[in-house]
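I opened the notebook to record what I looked up, chain by chain and contact by contact. The entries follow the order in which I worked.

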Amino acid sequence: MEVTANAAAENEEVWGGGNKPLNASYGKMMMWFFIVSDALTFTGFLVSYGFSRFKNINSWPIADEVFTHFPFLHGIDAPMYYVALMTFILIFSSVTMVLAVDAGHHMQKSKVTFYMLLTIIGGAIFVGSQAWEWKNFIKGEYGALETRGGQILQFVDSSTGKRAAIQEFAIGVQTDRTTHESSNGIWYTAENSLPTVSLDEVKKGFLADENLVIRTQELDEKGQKTVLSRAESKGKLNEAVGVVEGANLIHNEYGNRLFADFFFFITGFHGFHVLSGVVINIIVFFNVILGTYEKRGHYEMVEKVGLYWHFVDLVWVFVFTFFYLV
Amino acid sequence: MASEGHKLVIFRGLLKFKSNQQKIWGVLIFLSIVTTIEVALGIIKPEILMGSFLKMKILNWIFIILTIVKAYYIAWDFMHIRDEKSGLKNSIVLPLLILIPYLAFILLIEADYIFDVMDSGFVVWNF
């Protein structure tokens, strides 16, 4: 800053009101306030994820084994390709947003409209993709057993080294089971949906197939999950108390349940940001079509919603790294 | 309005664009290349990078550094921080730059300590 003799007097003029000392309008400034505080919120989430991960560093699920789906490629192991695609879509919609802002600076209404539309489409595809990721994550793939302490026991076919799905090797066992109904109980709570196979069926199927072994949550020196021998597996099988299929906030077939909790919470919170971004973008889009900003004489609203949109992209870059890459 | 006065130089002057639009596409290409490198490394997982540095794999350090590089270009070029006055720039970036590493540092150190306590068997958790 230049120091002049009458610096004090000049400062008073600049900061005295009716002026933009930082060259940013009120609305843009407030958007930055929001972004900084929201960035710290996401920091809190991601750092607490890091906390849980470092606390369970030798038993954390391996992301490559969890997110392996790609649309229309059933049964093909495609780790990370889909999230990579999602990342590209979000970055691209960020670019169309900057182009809209740039066109707004030049007061080109039709260009702003076109780029806003592309941005909205990109955002919608991203939210849809995230919903699809969630669906696969919730549904699960191979199923697992859970011990009393919440440890996950997965199954591996030792002859091929591939994971074995409990639904496939379980052998049906005839059991009598009556559903508890509200008519015959005072303290009645409705039953949750049952796993497709019972614990006894999984145990019977496991004992019948000599190739099956158990894979525990713990990581070995190479960073792979520990696979037990057949004899150890038989012993470990007795510790199981329940069948887990897929993931929710309480059980998680992929491993540590905190992984599922943080996945739902952080990608959900981010997805909610994208969703609200799409809604705000749609509102601004219609305002552009109606000529609101043309009449106002500037397209600063596009710039403000653009800042928010880029911020959402920025957060995704970090979520992508910490959930899928690292 | 801040429509004029876009700074069109990235990589400390190595690359200069003719217009703001060109710069946007240039940054997109750069971000795409970085993301492609990340994904390729994540799929190949080269054996050389599996060594450990400061309790984390070298590969993971590379991922984090590349992420920060991407974040820098998104903020600087897409969010136009490059064109803002230094006062606004600093008041946005400095709080984040100070608070985030600080929070990450104290919580990760604490988590590592809890891991050690559980690992050395004072608390039974794997039953």
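**Ground rules**

I am working on a predicted model, where local features need pLDDT of at least 70, side-chain atom pairs count only at pLDDT 80 or more, and totals for chains, interfaces and linings use all residues. Residues are numbered from 1 along each chain as its sequence is written, chains are lettered from A and ligands numbered from 1 in the order in which they are written, and side-chain values use heavy atoms, with hydrogens and water left out.

**Entry 1: chain B against chain A**

I began with the contact list (contact means heavy atoms within 4.5 Å). Chain B puts 54 residues against 57 of chain A. Next I looked up the buried area, the accessible area (1.4 Å probe) that two parts lose on being put together, summed over both. The two chains bury about 5200 Å² between them, and carbon and sulfur atoms give 76% of that.

How many salt bridges cross the interface of chain B and chain A? I found 2, taking a salt bridge as a side-chain nitrogen of Lys or Arg within 4 Å of a carboxyl oxygen of Asp or Glu. In one salt bridge, A:Asp64 pairs with B:Lys45, with the closest N and O atoms 3.3 Å apart.

I then checked polar contacts. The term covers a pair of N or O atoms within 3.5 Å; within protein, one must be able to donate a hydrogen and the other to accept it, and residues adjacent in sequence count only if both atoms are side-chain atoms. Across the interface of chain B and chain A, 6 residue pairs qualify, both residues at pLDDT 80 or more.

Which elements give two or more residues to the side of chain B that touches chain A? They are α1 (20-44), α2 (58-78) and α3 (86-119) of chain B. Helices here are DSSP runs (H or I, at least four residues), strands likewise (E, at least two), numbered from the N terminus. The largest share of that side, 17 residues, comes from α3(B). By class, the side of chain B holds 32 nonpolar, 13 polar and 9 charged residues. For these classes, Ala, Val, Leu, Ile, Met, Phe, Trp, Tyr, Cys and Pro are nonpolar, Asp, Glu, Lys and Arg are charged, and the others, Gly among them, are polar.

**Entry 2: domains of chain A**

Domain bounds come from an automatic or database domain assignment. Chain A divides into domain 1 (27-140 + 259-325) and domain 2 (144-245). I noted 37 Å between the C-alpha centres of these domains of chain A.

**Entry 3: domains of chain B**

Chain B splits into domain 1 (1-83) and domain 2 (85-127). Their C-alpha centres lie 24 Å apart. Each domain of chain B gives 5 residues to the contact. The buried area is about 380 Å², 59% of it from carbon and sulfur atoms. In domain 1 of chain B, B:Lys55, B:Trp76 and B:Ile81 lose the most area to domain 2, together 82% of what that side buries.

**Entry 4: A:Phe126**

A:Phe126 sits in helix α5 (residues 109-139) of chain A. Buried or exposed, I asked of A:Phe126? A:Phe126 counts as buried, because its relative accessibility is 0%. The cut-offs are under 20% relative accessible area for buried, over 50% for exposed, and partly exposed in between (1.4 Å probe, protein chains only). Leaving aside neighbours within four places in sequence, A:Phe126 is in contact with A:Met86, A:Leu90, A:His270, A:Val274 and A:Trp316.

**Entry 5: salt bridges**

I counted 11 salt bridges over all chains. A:Arg230 meets A:Glu210 at 3.6 Å, N to O. A:Arg230 is in helix α8 (residues 230-237) of chain A, and A:Glu210 is in the loop between α7 (199-208) and β4 (212-219), 20 residues apart. A:Arg230 is buried, at 14% relative accessibility.

A:Lys304 bridges to A:Glu300, with the closest N and O atoms 3.6 Å apart. Both lie in helix α11 (residues 300-325) of chain A, 4 residues apart, about one turn of the helix. A:Lys304 and A:Glu300 are both buried.
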